[in-house]
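Here are my notes on this model, point by point. Please keep the structure open while you read.

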Amino acid sequence: MNIFLTADSAAAATTGGSAAGQGMATIIMLVAMVAIFYFFMYRPQKKQEKETNAMRNSLQVGDEITTIGGIIGKVVSMKEETVMIETGRDGTKIRILRSAIKSIDVKAEDC
């Protein structure tokens, strides 16, 4: 009878040890998934956001820009949060938000 008790307690100890090992493996997998999420999604998005803000802050009068909506124009004047652009040959002016600027096509100093 002692032999059976010893074998049962050894089996129980082995199963408890593997359960703790599985728990540790689960935690390691979760940490790895969070790290992958950070390096492949969050970090590049923040980098792109910084570049976009730098581009919008470097905007000058005379730059040719494209808006998010696809409007192409030349910057006529700027205020804190808005920009006045001139589109077309007839001099149509549109006031847009600075955040609506997608790209600077031609810098004023390049013209």
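1. Start with Lys-46 and Glu-49. Their side chains meet in a salt bridge, at 3.7 Å from N to O. The term needs a side-chain nitrogen of Lys or Arg within 4 Å of a carboxyl oxygen of Asp or Glu. Side chains of opposite charge can pair when their charged atoms come close. Lys-46 and Glu-49 sit 3 residues apart in helix H1, about one helical turn.

2. A word on the source. This is a predicted model: local features need pLDDT of at least 70, side-chain atom pairs count only at pLDDT 80 or more, and totals for chains, interfaces and linings use all residues. Residues are numbered from 1 along each chain as its sequence is written, and side-chain values use heavy atoms, leaving out hydrogens and water.

3. Are Lys-46 and Glu-49 buried, partly exposed or exposed? Lys-46 is partly exposed at 35% relative accessibility. Glu-49 is partly exposed too, at 39%. Here buried means under 20% relative accessible area, exposed means over 50%, and partly exposed lies in between (1.4 Å probe, protein chains only).

4. The salt bridge count comes to 2. Asp-63 forms one with Lys-107, and the closest N and O atoms are 3.6 Å apart. This pair links distant parts of the chain, 44 residues apart. Asp-63 lies in the loop between H1 and strand S1 (64-67), and Lys-107 in the segment after strand S5 (101-106). Asp-63 is buried, with a relative accessible area of 0%. Helices (H or I, at least four residues) and strands (E, at least two) are DSSP runs, numbered from the N terminus.

5. How many aromatic pairs does the structure hold? There are 2. Rings of Phe, Tyr and Trp (its six-membered ring) pair if their centres lie within 6.5 Å; planes under 30 degrees apart count as stacked, over 60 as edge-to-face and the rest as tilted. Tyr-38 and Phe-39 are edge-to-face, with 5.1 Å centre to centre and 80 degrees between the planes. The rings of Tyr-38 and Tyr-42 have centres 5.8 Å apart and planes at 35 degrees, so that pair is tilted.

6. Look at where these rings sit. Tyr-38 and Tyr-42 are 4 residues apart in helix H1 (residues 2-57), separated by about one helical turn. Phe-39 is in helix H1 as well. Ring pairs link Tyr-38, Phe-39 and Tyr-42 into a cluster. Tyr-38 is partly exposed at 38%, Phe-39 at 46% and Tyr-42 at 40%.

7. Ile-36, Phe-37, Tyr-38, Phe-39, Phe-40, Met-41 and Tyr-42 make a nonpolar patch of about 790 Å². Patches take residues with over 30% relative accessible area and no salt bridge: like charges are joined within 9 Å, nonpolar side chains (Val, Leu, Ile, Met, Phe, Trp, Tyr) within 5 Å. Accessible areas come from the Shrake-Rupley method with a 1.4 Å probe.

8. Last, the sheet. It is open, has 5 strands in the order S4-S3-S2-S1-S5, and its pairing is antiparallel. Two strands pair if DSSP finds at least two bridges between them. Strand S4 (92-97) and S5 stand at the edges with a single partner strand each, so one side of each has no neighbour in the sheet.

9. Zoom in on one strand pair. Strand S2 (residues 72-78) and strand S3 (residues 82-87) run antiparallel, joined by 4 bridges. Ser-77 has Met-84 in S3 as its bridge partner.
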